[in-house]
Amino acid sequence: MDFSDLPLHDGLVKTISINWSGKSVEIFLDCFLKPNQNAQPCILTFSGISSVNVPMTAPWGESNSINTARVQKNIFQIELQSGDILQCKAETFGFDTIGL
């Protein structure tokens with residue numbers, strides 16, 4: 001699955017964990033996997049990271065909801081509805097549900 005095809009829109013960012021020595025990032029989310037159903041816990045992982053940026057300035061107001069997600073040349077960006085853009089330069093990504 002392409003990164004831009006992941007069901008991230010309107011998902012909720014819960015926790016972001018950085019494994020410094022492992023050069024990886026885990027983002028725990030609640031995502032809407034199917035229409036008209038409740039959000040489900042998911043994990044988005046990035047491996048082989050060389051940089052990560054997690055601003056929390058909320059220029060559009062407080063929100064942990066995802067607006068858009070895109071990738072270009074291994075730079076993954078997740079724009080939150082707060083206006084913050086989470087950015088990670090990584091070799092690979094993974095996405096999975098938790099406990100389903």
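## Strand pairing and a nonpolar surface patch

Val-54 is partly exposed, with a relative accessible area of 34%; buried means under 20%, exposed over 50%, and partly exposed in between (1.4 Å probe, protein chains only). Val-54 lies in the loop between β4 and β5. The model is predicted: local features need pLDDT of at least 70, side-chain atom pairs count only at pLDDT 80 or more, and totals for chains, interfaces and linings use all residues. Residues are numbered from 1 along each chain as its sequence is written, and side-chain values use heavy atoms, without hydrogens and water.

Val-54 also belongs to a nonpolar surface patch with Ile-18, Trp-20, Val-52 and Met-56, which together have about 590 Å² of accessible area. Patch residues have over 30% relative accessible area and no salt bridge, and nonpolar side chains are joined within 5 Å. A salt bridge is a side-chain nitrogen of Lys or Arg within 4 Å of a carboxyl oxygen of Asp or Glu. Areas come from the Shrake-Rupley method with a 1.4 Å probe.

Strands are DSSP runs (E, at least two residues) numbered from the N terminus, and two strands pair if DSSP finds at least two bridges between them. An open sheet of 4 strands has the order β4-β7-β6-β5, with antiparallel pairing. Its edge strands, β4 (51–53) and β5 (66–72), each pair on one side only.

| Strands | Bridges | Partner residues |
|---|---|---|
| β6 (residues 75–80), β7 (residues 85–89) | 5 bridges | Glu-79, Ile-85 |
| β2 (residues 24–31), β3 (residues 40–47) | 8 bridges | Cys-31, Gln-40 |

How values were computed. Patch = residues over 30% accessible without salt bridge, like charges linked within 9 Å, V, L, I, M, F, W, Y side chains within 5 Å.
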